[in-house]
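Please keep the structure in view while reading the points below.

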Amino acid sequence: MKIYSLLLICILCLSACVSTPPITVESLHEVADFPVGTSVRMNEFKKDPLTRALQQYHFDSLTTGSDMKMHKVMPTENGYYWKVIDEAVAYTQKHEQRLFGHNLIWHSSTPSWVVKKARQNPQWLDGFMKEYIHTYVGRYKGVVDGWDVVNEGFATKGAGYRTDTIWYQTLGPEYIEKAFRYAHEADPDAILFYNDFNIERDLEKFNSMMVMVKDFQARGVPISGIGFQMHIRMDIPNEVIAHTLKQAAATGLQIHLSEVDIIFNTHDDSRGGGIENHRQLTEEMKLAQKKKYKELVQMYREIVPSEQQYGITFWSFTDRDTWIRRFFNMIDWPTIYDDDLKPKPALDGFLDGLRD
Ligand code: G3I
């Protein structure tokens, strides 16, 4: 009898701790015939039962928003920090989700000690990159499904490589292909992406990237996918997005919409560079956003052959957690769940796009 009472108390306590309201919409990943993912910030996520319940219900792929970047993995020269990544591995394995690695080389997450050391001794950087990628990708071989090997290697706007980075300044554009080769050596089965923003709308930037991708393919550099971050705005024309998706799909590579969100306001891609044309989200705006999400999913399904659909990943799936507000210092509502973690019409739009 005592045992039964104890069991009952345990069950009551447990359900009180993790009680979540019933989810009344369909599961995105169950409707989709490709993986659907979201980014999360592990430290907040692990303390948030409702977000975790929604994440487990809707998604079968997970990307960490920051936790797998170089400044987190190697904040100092003294060693690697794997703890949070190992937690992401355990979580995705427990819930049968794909873990995506974002990212190996990115100008914006290169720790200052690496920059300093490379400036003092340029010869050092290539060996460091090789060791870092071999150690990191090797450790998660067969566990991390795919990687953004190089993130944002092209200039913010227009044609040409990004030059304001220690990687380009020290190693030239060849740092990109080296990173792909090192990643492939460490895990020959991992899907290796080049990932960037605005390539769906800035044709000069997109064309620069495509020259590199085609050159890699011609020379056997082991690239296996193109990541369109797809941080878009309501007024980005579908025709332009369709054009770039079509060209990218023609390479035969995997296509990942890797950081999707759709904003109403405008910004200039720099921290704090936002212009708030909209301060409130109206019913009309919600419906327009629903339509845009539907069209984006439809374009992905119609243009990208199914065997090249690596999936669609949201960059946070709630307006409460979106990076947009913090980074651009402006209000916006870019995702499919609202500030109170209630589904928005945008979620129905995404589902409509999956079904039609
Ligand atoms: O966790 C700390 C928190 O303890 C502290 O109170 C707070 C104060 O600023 O900072 C928190 O860390 C922030 C972290 O995000 C988690 O919220 C960092 O300051 C902030 O720099 C970091 O920003 C991330 C950014 O990349 C830089 O790593 C964003 O969350 C993340 O969404 C953003 O993601 C990038 C992609 O990697 C590449 N594409 C663009 C995208 C958006 O910028």
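In this predicted model, Phe128 and Tyr132 both belong to helix α8, which covers residues 124-139. Because they are 4 residues apart in that helix, about one helical turn separates them.

**Phe128 and Tyr132**
- Phe128 is buried, and Tyr132 is buried as well.
- The structure holds 31 aromatic pairs.

**Tyr136 and Tyr140**
- Tyr136 and Tyr140 form an edge-to-face aromatic pair, with 80° between the planes.
- From centre to centre, the rings of Tyr136 and Tyr140 are 6.1 Å apart.
- Tyr136 has a relative accessible area of 0%, so this residue is buried.
- Tyr140 is also buried, because its relative accessible area is 4%, which is under 20%.

**The cluster of rings**
- Ring pairs link a set of residues into a cluster, among them Phe128, Tyr132, Tyr136 and Tyr140.
- The cluster also includes Tyr80, Trp82, Trp113, Trp124 and Trp147.

**Charged side chains over rings**
- Arg98 lies over the face of Tyr310, at 3.7 Å from the ring centre.
- Lys205 is placed over the face of Phe197, at 3.7 Å from the centre of that ring.

Definitions and conventions: Residues are numbered from 1 along each chain as its sequence is written. This is a predicted model: local features need pLDDT of at least 70, side-chain atom pairs count only at pLDDT 80 or more; totals for chains, interfaces and linings use all residues. Side-chain values use heavy atoms; hydrogens and water are left out. Rings of Phe, Tyr and Trp (its six-membered ring) pair if their centres lie within 6.5 Å; planes under 30 degrees apart count as stacked, over 60 as edge-to-face and the rest as tilted. Helices (H or I, at least four residues) and strands (E, at least two) are DSSP runs, numbered from the N terminus. Buried means under 20% relative accessible area, exposed over 50%, partly exposed in between (1.4 Å probe, protein chains only). A charge sits over a ring if NZ of Lys or CZ of Arg is within 6 Å of the ring centre and within 35 degrees of the ring normal.
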